Amino acid sequence: MARQVLLVDDDAELRNLTQKYLERNGFDVVVAGDGWEAIREIVVNRPDIVIMDIEMPKLSGLNALDILRVSRLTEQLPIIVTSAHGDKDTIMRTVQLGADDFIVKPYAFSELSARIAVHLFQLDFKTLSQILKNLNKPAETGGAFWSGLDAARYQDWGAYSAVAGERELCVLLQRGTTLEQAAGLTEEQAQRKVMVLSKSRTVWKCVWPSAPSAAALKKAG
């Protein structure tokens, strides 16, 4: 299934060109022309990632970003901000409001596509299996590495640190699942008993499974 991108920009020409490029590269694209339209599209379509301009009528990209980061429903939604203003103050402001990335206009479509791929990272089961076989003792949920992890939210899970490529991961096993059992899980079993988080900004985002089970979300929430 194609990953869905919400493209938010009041520049219709750039929006249309970007949409065509992304669709040619396998993405499902929905569009919006201002911040309020963006919020409505997010509620209706639940996109995988948002590409959002700053300077827009009715509701700016910064104000929309501020609203989206207040809700737990959208706190993990990857949001890449774009702007013709690439000064330090503008970039810092977007980061403070919770943007995952910032791209200065005009941008190369190939760069935008590469940034999207980074923020839509998901573990495949083959990589997860290798990680599970190499897990050691549970990690202490403290210190700089674990900052931002809501320990109370994952109290029914055991936390382990791991690395995939250059990404530092938090591997969560349901309480009662031993390391030996984890190493032998099938993909179907892992979808129920394992969650893997990767840190973006100050937020830990789920990268396995792509759609956590209702039971897992209930325990984690």
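Start with the sheet: select S6, S7, S8 and S9, and you have four strands in an open sheet, lined up in that order with antiparallel pairing. Strands here are DSSP E runs of at least two residues, helices are H or I runs of at least four, and both are numbered from the N terminus. Two strands pair if DSSP finds at least two bridges between them. Colour S6 (157-164) and S9 (203-208) separately; these are the edge strands, each pairing on one side only. From one strand to the next, the twist averages 35 degrees.

Before moving on, note that this is a predicted model, where local features need pLDDT of at least 70 and side-chain atom pairs count only at pLDDT 80 or more, while totals for chains, interfaces and linings use all residues. Residues are numbered from 1 along each chain as its sequence is written, and side-chain values use heavy atoms, with hydrogens and water left out.

Now zoom in on S8 (residues 194-200) and S9: five bridges join these antiparallel strands. Click Lys199 and look across to S9, where its bridge partner is Trp204.

Next, pick helix H6 (residues 125-133). Show Leu128, Ser129, Ile131 and Leu132, which are buried (under 20% relative accessible area; exposed is over 50%, partly exposed in between, with a 1.4 Å probe and protein chains only). These four cover an arc of only 165 degrees around the axis, so they sit on the same side of H6; the arc is that of the directions from the helix axis to the C-beta atoms. Turn to the other side of H6 and you'll find Lys126 and Lys133, both exposed. What do the buried residues of H6 pack against? They pack against S6, strand S7 (167-174), helix H7 (179-183), helix H8 (187-193), S8 and S9; contact means heavy atoms within 4.5 Å.

Hop over to helix H3 (residues 61-70) and helix H4 (residues 88-97), whose axes come within 9 Å and cross at roughly 25 degrees. Axes are lines fitted to C-alpha atoms, for helices over the stretch in contact, and angles run from 0 to 180 degrees between N-to-C directions. H3 and H4 are therefore roughly parallel to each other (angles under 35 degrees).

Last stop: Ser113, in helix H5 (residues 109-119). Ser113 is buried, with a relative accessible area of 16%. Leaving aside neighbours within four places in sequence, Ser113 is in contact with Tyr21 and Phe27.

Note on methods. Parallel < 35°, antiparallel > 145°, perpendicular 65-115°, else oblique.
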